[in-house]
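User: I would like to learn how to read features from a model, one at a time. Can we take them in turn?

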Amino acid sequence: INSLCTIQDDLQDWATESRRMGVIYSSSAINIAATSVMDSNQGLCFPKDPSYVSVQSERSITIRS
């Protein structure tokens with residue numbers, strides 16, 4: 001939301017829009033953050049490393065981080 005809703009490198013716009021983001025986030029049930037990317041030009045999804053996922057049964061999946 002930061003890179004999409006604020007003018008980058010504009011402290012006045014950040015002061016205004018960051019307050020609005022607080023209202024938006026406080027009403028959400030879940031938030032997804034693309035913390036592995038440098039900017040909004042990169043995607044959110046990447047190929048999965050199978051060593052991080054193990055299937056224990058048809059109903060149980062463990063994901064390590």
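User: Is R20 buried, partly exposed or exposed, and at what relative accessibility?

Analyst: This is a predicted model, so every value here is computed from predicted coordinates. Residues under 20% relative accessible area count as buried, those over 50% as exposed, and the rest as partly exposed. R20 has 48% relative accessibility and therefore counts as partly exposed.

User: Which residue forms a salt bridge with R20?

Analyst: A salt bridge is read from the distance between a side-chain nitrogen of Lys or Arg and a carboxyl oxygen of Asp or Glu, with a cut-off of 4 Å. The partner of R20 is E17, and their closest N and O atoms are 3.0 Å apart. A search of the whole structure finds 1 salt bridge.

User: How many residues apart are R20 and E17 in helix α2?

Analyst: They are 3 residues apart in helix α2, which covers residues 11-26, so about one helical turn separates them.

User: Which residues is E17 in contact with, leaving aside its neighbours within four places in sequence?

Analyst: For this reading, contact means heavy atoms within 4.5 Å. With those neighbours left out, E17 is in contact with C5 and T6.

User: Where is T16 found, and how far is T16 from T6, C-alpha to C-alpha?

Analyst: T16 is found in helix α2. T16 and T6 are 10 residues apart in sequence, and their C-alpha atoms are 8.8 Å apart in space. T16 has a relative accessible area of 25%, so T16 is partly exposed.

User: What pattern does the protein follow along the sequence?

Analyst: Secondary structure is read in order along the chain. The protein has 2 helices and 2 strands, and the pattern is α-α-β-β.

User: Where does L44 lie, and which residues is L44 in contact with?

Analyst: L44 lies in the loop between α2 and β1, the latter being residues 53-57. Apart from neighbours within four places in sequence, L44 is in contact with I32, A33 and A34. L44 and I32 are 12 residues apart along the chain, with 9.4 Å between their C-alpha atoms. At 47% relative accessibility, L44 counts as partly exposed.

User: Which residues line the second largest pocket?

Analyst: A pocket is read from its volume and its lining. The second largest pocket has a volume of about 200 Å³. A33, A34, T35, S36, V37, L44, C45, F46, P47 and K48 line the second largest pocket. Among them are L44 and two of its contacts, A33 and A34.

User: What percentage of the 65 residues in the protein is buried?

Analyst: Whole-chain totals complete the reading. Buried residues make up 8% of the 65 residues. The protein exposes about 6,100 Å², of which carbon and sulfur atoms supply 56%. Among contacts with a separation of 6 or more, residues 24 or more positions apart account for 9%.

Terms used. Residues are numbered from 1 along each chain as its sequence is written. This is a predicted model: local features need pLDDT of at least 70, side-chain atom pairs count only at pLDDT 80 or more; totals for chains, interfaces and linings use all residues. Side-chain values use heavy atoms; hydrogens and water are left out. Helices (H or I, at least four residues) and strands (E, at least two) are DSSP runs, numbered from the N terminus. Buried means under 20% relative accessible area, exposed over 50%, partly exposed in between (1.4 Å probe, protein chains only). Accessible areas come from the Shrake-Rupley method with a 1.4 Å probe; for residues, only the protein chains shown count as cover. On a 1 Å grid over the protein atoms alone, a cavity is a set of points where a 1.4 Å probe fits but cannot get out, and a pocket is an open set with protein on both sides within 12 Å along at least five of seven lines; lining residues have an atom within 4 Å of a point. Grid points are joined across faces, edges and corners, and a volume is the space filled by probe spheres set on the points.
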